[in-house]
Amino acid sequence: MIEKRKNEHVKICLEKNVQASKNYWENIYLIHNALPEIDKNGINLSTKFFGKKLNAPIIIAGITGGFQGAKKINRNLAEAASMLGIGFGIGSQRAGIENKSLEETYSVVKKYDIPFVIGNIGAPQLVKQRKKKPLSIKEIKETIDMIDADCLAVHLNFLQEIVQSDGEVNAKGCINAVEKIKKSIKKPIILKETGSGISFEIARKIKKMNIGVDVGGLGGTSFAAVEYYRAKNEMQRRIGKTFWDWGIPTPTSVLNCKKAGIKNIVATGGIRTGLDGAKALALGADCFGIAYPLLKPAMKNTKAVIDELKIFIEELKCAMFLVGAKNIMELKEKTVILDSSLEW
Ligand SMILES: Cc1cc2nc3c(=O)[nH]c(=O)nc-3n(C[C@H](O)[C@H](O)[C@H](O)COP(=O)(O)O)c2cc1C
């Protein structure tokens, strides 16, 4: 069943409109520097994330795994990440734990030398659900070994779960479960939203847990939208439509996490250009994540993924040149102008 669902997610994202109605990066401006006094060709994009060196502050956000077609997608994304020296996140590994024959749709990434690999498991699977036991620590360790992950992302997708007729909607005990995992594994953990963002209150809780965050904010791919197309009845369809644009915009989420003092912040959600990425870094993110724009190229081949990412990288460099930042540290110190609608 998960296998079918994972295949449908990719198909729907490729064929239908699954984007939030508004992309909030439009409401943010970097200030033009008419005399940047730097050489564009000397701009250095390298950075460190959880202590690992990346050639650019970019993470391929977790997309897929768990059905036969996913092997090719993950291979193309992973090879691109290794060739460009950027981070790579895998999609939810639950299918690979439950069905060993699907493991290779994830483990294919082990063939590539990627500077930072992020495993992925859902918070709903860490607590007891109506028909399911929570994953054990042994199974969590298996997810890490499956791809030799440097870090584990625990995804938060309760918006998606409410639109599914069989959604896992018990969210009690997730914080404790994450704390328990943190004590049992030697790798860092990231809490990763998947399109609904992070409020200041939740950012403070994450800071207390002393883990990283991928804000996965509103403004890009909407999982209420994805599930709207999978809905089996009018009730689920209506819920998908009603909550299509639910959440906290990605820029606001980054600001909340920065204000809370979280270290290792990834800004994912609606990043569609390298300029959006530059804005995310200037707001306080350490890296930016891209999912949807890489899906179509990943269906083709590694070159198509690299070509797309090279555009993001060049746009990031152009933005840095025009604000007069010769490295990522300098970019992070630049002033950002934001629309007052984003301050919440
Ligand atoms: C087809 C597809 C499948 C996804 N599956 C997962 C997943 O399994 N686990 C996860 O944490 N995020 C998943 N995501 C969410 C992305 O990592 C990201 O948070 C979200 O798509 C917002 O980024 P975007 O606007 O660049 O697409 C998926 C996204 C897409 C497009």
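Two exercises with worked solutions follow.

The model is predicted: local features need pLDDT of at least 70, side-chain atom pairs count only at pLDDT 80 or more, and totals for chains, interfaces and linings use all residues. Residues are numbered from 1 along each chain as its sequence is written, and side-chain values use heavy atoms, without hydrogens and water.

**Exercise 1.** Describe how the eight strands of the barrel are arranged.

*Solution.* 
Step 1. The barrel closes in the order S4-S5-S6-S7-S8-S9-S10-S11, with parallel pairing; strands are DSSP runs of E, at least two residues, and helices are runs of H or I, at least four residues. Two strands pair if DSSP finds at least two bridges between them.
Step 2. Strand S4 (residues 58-60) pairs in the parallel sense with strand S11 (residues 287-290) over three bridges. Within this pair, Ile58 stands opposite Phe288 in S11.
Step 3. Helix H2 (residues 70-84) packs on the sheet and touches S4 and strand S5 (87-89), where contact means heavy atoms within 4.5 Å. The direction of H2 makes about 160 degrees with that of S5; axes are lines fitted to C-alpha atoms, for helices over the stretch in contact, and angles run from 0 to 180 degrees between N-to-C directions.

**Exercise 2.** Identify polar contacts of the ligand, that is, pairs of N or O atoms within 3.5 Å.

*Solution.* 
Step 1. A polar backbone atom of Ser92 is 2.8 Å from a ligand oxygen.
Step 2. In the side chain of Arg272, an N or O atom is 2.7 Å from an oxygen atom of the ligand.
Step 3. For Ala291, a backbone N or O atom lies 3.1 Å from a ligand oxygen.

Technical notes:
A polar contact is a pair of N or O atoms within 3.5 Å; within protein, one must be able to donate a hydrogen and the other to accept it, and residues adjacent in sequence count only if both atoms are side-chain atoms.
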